[in-house]
Amino acid sequence: MNPYVLTTLILSLGLGTTLTFASSHWLLAWMGLEINTMAIIPLMAQQHHPRATEATTKYFLTQATAAAMILFASTMNAWTMGDWNINQISHPLATTTVTLALALKIGLAPMHFWLPEVLQGLSLTTGLVLSTWQKLAPFALILQISQNTNPALLTTLGVMSALVGGWGGLNQTQLRKLLAYSSIAHLGWMIIILQFMPALTLLNLTIYITMTSTMFLSLKIMASTKINSLALAWPKTPTLTTLIMLSLLSLGGLPPLTGFMPKWLILQELTKQDLPITATIMAMSALLSLFFYLRLCYTTTLTTFPNTNNTTSPWRLKSTQITLPLTITIILTLMLLPITPAITTMF
């Protein structure tokens, strides 16, 4: 892609998200979301491959539907209540429609069907942008309207997303689809706590972006898109393979690692809010997700993919170096748990 075009598209991505962050008017927020969508579509389709084109088309249709729902709901709210302010949306039907539209935009269950298919058709770099940056603008709107949203709707979306994210990833062999279901499960954890502690949702989103960035950047260095390619990773980069295994366990939420922190705090808050059944379902759904993370760890470290002895050793082909952004995200993914009290005080 032409460097000038690429720069324009990346700047447009930043502009769209910033515009949505800064707006208090529904039309401006909608405009930011549209700029965001229009900017990433050429990046998704730049491979000129049928799978990439298919993924781009699915993404465009989904996002256009969600944007139309947002515009319809905000217009209906302005028509009935006379207010375009994002914080002041009060009509019950408009609030529910906007919430469902934003859930469709970020891929919450039961509006999640597009996310694994789209992510599977993209390169790892574009998939990273889709899984992290593209979630920021809709989340800013969800945070602003969360106090006016029906609590039962948020709870239902959160529990369904956690369960679907766990069940859906069990029978996958493609790493990008696994990361898509992982994204759905993590979004469920963020939404379930939104009505009680929005700051905890922000903390969870920050940690999720850090852990997902670690996985995408690591897989990009190793050029791995399937589970069986991870079995050949040890001869190439033993250090990075070990770090990937620990990052997977952090994504699953095992205690000594950073990923345990948001799950721990969310379960604690749900218990304080006298919702033991909801907390139990969320904890059990985390076990489903942990199962396929452990399967990936097992494949990465304890198995050798069958190959003949006369093949060229993978480590002879090219040297791989761990870059500075990956180093920072790995450290954050693995080592933040001891400073949990300081982070919770800050948030």
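This is a predicted model: local features need pLDDT of at least 70, side-chain atom pairs count only at pLDDT 80 or more; totals for chains, interfaces and linings use all residues.
**Start at helix α3.** Select residues 50-81, which form helix α3. Then pick out R51 and E54. They form a salt bridge, with the closest N and O atoms 3.9 Å apart. The cut-off is 4 Å, so this pair counts as a salt bridge. R51 and E54 sit three residues apart in the helix, about one turn.

Now check their surroundings. R51 is partly exposed, at 35% relative accessible area. E54 is also partly exposed, at 37%.

Keep E54 selected. K58 forms a salt bridge with E54, and here the closest N and O atoms are 3.0 Å apart. K58 and E54 are four residues apart in helix α3, so about one helical turn separates them. K58 has a relative accessible area of 30%, which makes this residue partly exposed.

**Move to E117 and K177.** Select both side chains. E117 forms a salt bridge with K177, the closest N and O atoms lying 3.5 Å apart. This pair ties together distant parts of the chain, 60 residues apart. E117 belongs to helix α5 (residues 114-120). K177 belongs to helix α9 (residues 175-192).

K177 is buried, at 17%. The limit for buried is under 20%, so K177 falls within that class.

**Finish with the whole set.** The structure holds four salt bridges, among them the pairs visited here.

Technical notes
Residues are numbered from 1 along each chain as its sequence is written. Side-chain values use heavy atoms; hydrogens and water are left out. A salt bridge is a side-chain nitrogen of Lys or Arg within 4 Å of a carboxyl oxygen of Asp or Glu. Helices (H or I, at least four residues) and strands (E, at least two) are DSSP runs, numbered from the N terminus. Buried means under 20% relative accessible area, exposed over 50%, partly exposed in between (1.4 Å probe, protein chains only).
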